[in-house]
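This report covers a ligand site and a few backbone details of one protein model. Please have the sequence and the coordinates open while reading.

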Amino acid sequence: MDLFLSGQNAVVTGGASGIGLACATALASEGCHVALWDLSPSTADVAASLGQKAGVKTEGLIVDVSQPATIEVARLQTEELLGPVTIVVHSAAISSGRFGFPFTNVPASLWDRVLDVNILGMVHIAHAFAPQMVERRSGSFVFVASVAGQIGSQTDPPYSASKAANINFAQCMAKDLAPHGVRVNTVCPGMVQTPLNQSVWRAWNDQQPPELRRTYEDWANEKVKNVIPLKRWQKPEDIANLVTFLASERASEMTGQTINVDGGFVMHW
Ligand code: NAD
């Protein structure tokens with residue numbers, strides 16, 4: 001299926017790793033020019049290697065999504081290289097690094113940075129790109145949230161709360177922007193092996209007595225077996241497939257949707 005993405009320009013936040021990188025790779029393989037925005041020092045190298053492999057224009061910029069001034073500089077830089085941005089995939093996020101169960105294990109002081117990056121980061125990205133998309137009467141935002149934002153997951157309460165906020169604000173954006181021809185959708189991954197997922201295990205493992213500690217593989221495989229009906233991990237590419245479709249005009253009748261790629265973890269009716 002041709003997604004008609006060739007020649008379009010995308011920004012992918014959190015694009016240097018995990019799900020963001022898979023999204024950038026999928027968009028580039030469809031002929032999209034892609035800017036990777038990430039805090040990681042490897043961002044420029046990752047972008048250069050992606051551009052070489054896919055034969056599209058890429059750029060990697062060090063951007064902290066919680067800093068609106070930095071975002072504005074990056075937006076101008078990206079538009080100078082690629083032209084107007086038609087697709088924004090927002091995947092950057094952090095965990096608190098602490099394990100809940102109960103929520104009092106995560107002191108209130110640790111909520112600040114998580115909310116700053118995960119909620120306000122999304123808000124800053126939305127403010128940076130929506131006005132131009134409205135002016136051009138076209139554009140597509142895809143936000144990567146989480147099933148944790150739908151089920152009151154106790155694993156990392158500030159993270160779960162921030163992901164619920166992402167889902168809600170994306171719906172609010174979708175309503176505001178629909179009359180202007182701009183679409184906004186949300187994808188919720190289930191369990192994907194990435195540094196962020198590993199940080200959840202580390203937080204859990206660190207608070208266990210030595211006899212109860214497990215390797216990441218043992219902990220995660222048991223979790224997948226217990227909570228995922230399809231009994232397998234989701235891969236970054238599984239998430240990227242849906243993100244790429246939603247970003248494209250093939251999804252032109254879809255906006256304000258929250259779709260899970262989670263092996264059946266959360267089932268609504
Ligand atoms: P990851 O750690 O591989 O990637 C996250 C990227 O975001 C990293 O490259 C990191 O440097 C970047 N980042 C962090 N803070 C940033 C900031 N302030 N500014 C810019 N970049 C920043 O993790 P991932 O698992 O690929 O996570 C991607 C998205 O998927 C996140 O939104 C996460 O909540 C969501 N998610 C992941 C899982 C999972 O199991 N891995 C499950 C559900 C949802």
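The sections below treat the basis of the values, the ligand shell, the ligand contacts, the loop backbone and selected residues.

## Basis

The model is predicted; local features need pLDDT of at least 70, side-chain atom pairs count only at pLDDT 80 or more, and totals for chains, interfaces and linings use all residues. Residues are numbered from 1 along each chain as its sequence is written, and side-chain values use heavy atoms, with hydrogens and water left out.

## Ligand shell

Which residues come nearest to the ligand? They are Ser17, Ile19, Asp38, Tyr159 and Thr194, out of 28 residues around the ligand. A residue is near a molecule if one of its heavy atoms lies within 4 Å of it. By class the shell has 16 nonpolar, 8 polar and 4 charged residues. Here Ala, Val, Leu, Ile, Met, Phe, Trp, Tyr, Cys and Pro count as nonpolar, Asp, Glu, Lys and Arg as charged, and the others, Gly among them, as polar.

The space taken by the ligand is the largest pocket. On a 1 Å grid over the protein atoms alone, a pocket is an open set of points with protein on both sides within 12 Å along at least five of seven lines; a molecule sits in a pocket if more than half of its atoms lie within 2 Å of its grid points. Two or more residues of the shell come from each of helix 1 (18–29), helix 4 (111–136), helix 5 (157–177) and helix 6 (195–206). Helix 6 gives the largest share, 3 residues. Helices (H or I, at least four residues) and strands (E, at least two) are DSSP runs, numbered from the N terminus.

## Ligand contacts

For asparagine 197, an N or O atom in the side chain is 3.3 Å from an oxygen atom of the ligand. The ligand taken alone exposes 830 Å², and the protein buries 93% of that. Accessible areas come from the Shrake-Rupley method with a 1.4 Å probe.

## Loop backbone

Phenylalanine 101 and proline 102 are joined by a cis peptide bond, with omega about 0°. Phenylalanine 101 has a phi near 55°, a positive value in a residue other than glycine. At 44% relative accessible area, phenylalanine 101 is partly exposed. Buried means under 20% relative accessible area, exposed over 50%, and partly exposed in between (1.4 Å probe, protein chains only).

Lysine 231, in the loop between helix 7 (216–227) and helix 8 (236–247), also has a positive phi, near 60°.

## Selected residues

Is asparagine 9 buried or exposed? Asparagine 9 is in strand 1 (residues 9–13) and is buried, because its relative accessible area is 6%. Its C-alpha atom is 10.0 Å from that of leucine 81, 72 residues apart along the chain.

Alanine 74 is in helix 3 (residues 68–82) and counts as buried at 3% relative accessibility. Glutamine 171, in helix 5, is partly exposed at 32%. Its C-alpha atom lies 8.6 Å from that of threonine 186, 15 residues apart along the chain.

How values were computed
A polar contact is a pair of N or O atoms within 3.5 Å; within protein, one must be able to donate a hydrogen and the other to accept it, and residues adjacent in sequence count only if both atoms are side-chain atoms. On a 1 Å grid over the protein atoms alone, a cavity is a set of points where a 1.4 Å probe fits but cannot get out, and a pocket is an open set with protein on both sides within 12 Å along at least five of seven lines; lining residues have an atom within 4 Å of a point.
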